[in-house]
Amino acid sequence: MDYGTLQGILTIIVMVVFAGIFYWAYSSKSKPKFDEAANLIFSEDEIAKQTNHSGDNK
């Protein structure tokens with residue numbers, strides 16, 4: 001097996017991995033998990049605001 005054949009095989013492997021990641025990222029089963037992850041920052045801000053205001057009673 002020469003270098004050109006190995007390079008071709010590795011190229012095909014990388015293309016298959018890329019297609020798998022692309023399919024996983026855009027599949028309808030992954031959308032709810034990604035939506036939840038996208039909104040995590042907003043829920044953490046609300047929790048932080050609530051905890052910061054709880055100690056303001058002086």
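Side chains of opposite charge can pair when their charged atoms come close.

Because aspartate 35 and lysine 31 are four residues apart in helix 2, about one helical turn separates them. Helices here are DSSP runs (H or I, at least four residues), numbered from the N terminus. Aspartate 35 is partly exposed, with a relative accessible area of 35%, where buried means under 20%, exposed means over 50% and partly exposed lies in between, using a 1.4 Å probe and protein chains only.

## How the model is read

Residues are numbered from 1 along each chain as its sequence is written, and side-chain values use heavy atoms, with hydrogens and water left out. Since this is a predicted model, local features need pLDDT of at least 70 and side-chain atom pairs count only at pLDDT 80 or more, while totals for chains, interfaces and linings use all residues.

## Aromatic pairs

A search of the whole structure finds three aromatic pairs, meaning rings of Phe, Tyr and Trp (its six-membered ring) whose centres lie within 6.5 Å, with planes under 30 degrees apart counted as stacked, over 60 as edge-to-face and the rest as tilted. Tryptophan 24 and phenylalanine 34 form an edge-to-face pair, at 5.3 Å centre to centre and with 80 degrees between the planes. This pair links distant parts of the chain, since tryptophan 24 belongs to helix 1 and phenylalanine 34 to helix 2 (residues 31-38), 10 residues apart.

Ring pairs also link Phe18, Phe22 and Tyr26 into a cluster.

## The loop between the helices

Serine 27 is found in the loop between helix 1 and helix 2, and at 15% relative accessibility this serine counts as buried. Its side chain reaches the backbone oxygen of tryptophan 24 at 3.2 Å, and a polar contact of 3.2 Å joins the side chains of serine 27 and serine 30. A polar contact is a pair of N or O atoms within 3.5 Å; within protein, one must be able to donate a hydrogen and the other to accept it, and residues adjacent in sequence count only if both atoms are side-chain atoms.

Technical notes: Helix = DSSP H or I, 4+ residues; strand = E, 2+ residues; numbered from the N terminus.
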